[in-house]
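Welcome, and thanks for taking a look at this structure with us. Please have the sequence and the 3D view open side by side as you read.

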Amino acid sequence: MSEGTDVVPTLRDLLASHQGLLLPEPSTGDLDRPISWVHTTELRDPSRYLHGGELVCTVGISLQTAQDCTAFVDSLTRADAAGLCFGIGDVHDTVPFALINAATNDGLPILIAPPNVPFSSVSRYVADFQLGGELAVARATNSLMPELLSSQRRRESVRQLLDRAGQVLDCYFLLDPDGAPDDAAATVVLDGLGTLAWVGSGDPPETAVLDLIARFVQAAQSERNIESALARERVGQLLSLIERRMLLPDALNQLLDWPGLSASELTCSAWPAGAGAVLSMALPDALVGDAPEVCLVLQSGALTETAGELSLPSGRAAAAPLAELGAAITQARIALDLAQQHGGSVGPDQLSTFDSLLESLPLNRLAPFKTQLIDPLEHLDRERGTQHVRTLRAFLATNGSLIDTARELFLHTNTVRHRLGRINEITGRNPMSFEDQAAFAIGLRASDRARRMPGRPN
């Protein structure tokens, strides 16, 4: 399979990947049409939700007459859909003849999905095909980052850092000052250091992963300058004191020689601990401070584009004058907590949310919601094998929709309604009530936060 966002699968690729998928006899259209995405629907006319190139999946609830079938195929053709995947066994035992006839006339390809081929597997195949490269980078980055940061905190040598990366990716990395071997499949040139080369079997890492390792190699090499590392630690100590109101922000003017302190506003961002050396290289004009549990960065302007290329989670506070630095540091830390949960970078515009509010509150303030609303449900689920918590999560995630919850969990709506009734009986709070939904959401968040605490079982 080719990877990358510029590559899309065809209907023929999908058919070859799923042995259970079938074709009508004879086939009704061109199987070499590319699939842009997969859209599942039971509408008679879903055209307003299509942008072109979609594979439309349906079990035909709305297709009861020949007129229904003709109108449905016509709507897909007008929307330039790539094809139709028709699921049999739920509503129709076979594909309606009128549907096949209409598709043949319009040249719309039909794939048949028996009960053993769920639509979710079709969607997953298309997503993995299109986003394979990005998913590979994300997985490699998520596993690499803790090791690279740990190596940075320990001030390990370049060779030790590369060995850590090689253990994670099951390969070996060379840093050759004279250039990479001729047979190296993946390389990146580091100014002043040589060429970083991948050695291993199978597919080499994506370029973005190699670039990430290269950044940390450069930072590790620069860490020979102990003075700069100690300076970052001193900055981190001073910023931590300001956040705890033990030092006035104005005192930085006397304690630090950084021209940005004279700016009318400063932008504070928080990064994972151990990232100081990498950030100092990426943001040479910033003030970087290494604290034990976080890396803090001050800039006299917005974060540069270079920062967004580091593949590190980060949290950013709103720009503020020096006098408000303590509050900005706290805000940046909260944003970092959110970024470490969801990935990417979280800015001040994302802090006025329900999630950020709950993250900013101490866990003991949320504990009653967990102990009174979630713990009884989790206990019952463990004891009896029920799924009250899973159902509650799905119900809240679908904004309280019974139909969408049932579809998400592959249940009948009456089953979902029964489970919500049991949750009401167990907790004394009604999941159908908006106020109680908020309470349940807080309880779930508190439970998740408690589970993430060091020493707690996952």
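Please keep in mind that the model is predicted.

**Helix α2 and its surroundings**

- Let's begin with α2, which covers residues 66–78 and so counts 13 residues by the definition of a helix used here.
- From the first C-alpha of α2 to the last, the helix reaches 18 Å, close to the 18 Å expected at 1.5 Å a residue.
- Which residues of α2 are buried? They are D68, C69, F72, V73, S75 and L76.
- Looking down the axis of α2, you will find these buried residues within an arc of 155°, so they line one face of the helix.
- Q67 and R78 are exposed on the other side of α2.
- The packing partners of the buried residues of α2 are β2 (54–58), β3 (83–87) and α3 (97–106).

**Helices α13 and α14**

- Two packed helices are described by the angle between their axes and the distance between the axes.
- For α13 (residues 363–384) and α14 (residues 388–397), the angle is about 130° and the axes are 8 Å apart.
- That angle makes α13 oblique to α14.
- On the α13 side, the contact involves I374, L377, E378, L380 and D381, and these meet H388, V389 and L392 in α14.
- By class, the residues of this contact between α13 and α14 are five nonpolar, one polar and two charged.

**Helices α14 and α16**

- Helix α14 also packs with α16 (residues 413–427), where the axes come within 10 Å and cross at roughly 110°.
- The contact of α14 with α16 comprises six nonpolar, two polar and two charged residues.

**Backbone features worth a look**

- Most residues other than glycine have a negative phi, and most peptide bonds are trans.
- Where does the chain have a cis peptide bond? The bond from E25 to P26 is cis, with omega near -5°.
- P26 belongs to the loop between α1 (11–17) and β1 (37–40).
- D80 is a residue other than glycine with a positive phi, near 60°.
- You will find D80 following α2, in the loop between α2 and β3.
- With a relative accessible area of 54%, D80 is exposed.
- D170 is another residue other than glycine whose phi is positive, near 60°.
- The loop between α5 (158–169) and β5 (172–176) holds D170.
- D170 counts as exposed, at 68% relative accessibility.

- T10 sits in the segment before α1.
- Is T10 buried or exposed? T10 is buried, because its relative accessible area of 17% is under the 20% cut-off.
- Leaving aside residues up to four places away in sequence, T10 touches L31, D32, R33, P34 and I35.

Definitions and conventions. Residues numbered from 1 in each chain as written. Predicted model: local features only at pLDDT ≥ 70, side-chain atom pairs only at ≥ 80, totals over all residues. Heavy atoms only, no water. Helix = DSSP H or I, 4+ residues; strand = E, 2+ residues; numbered from the N terminus. Expected span 1.5 Å × (residues − 1). Buried < 20%, exposed > 50% of the residue type's maximum accessible area, 1.4 Å probe, protein only. Arc of directions from axis to C-beta. Contact = heavy atoms within 4.5 Å. Axes fitted to C-alpha atoms, helices over the stretch in contact; angles between N-to-C directions. Parallel < 35°, antiparallel > 145°, perpendicular 65-115°, else oblique. Nonpolar A, V, L, I, M, F, W, Y, C, P; charged D, E, K, R; others polar.
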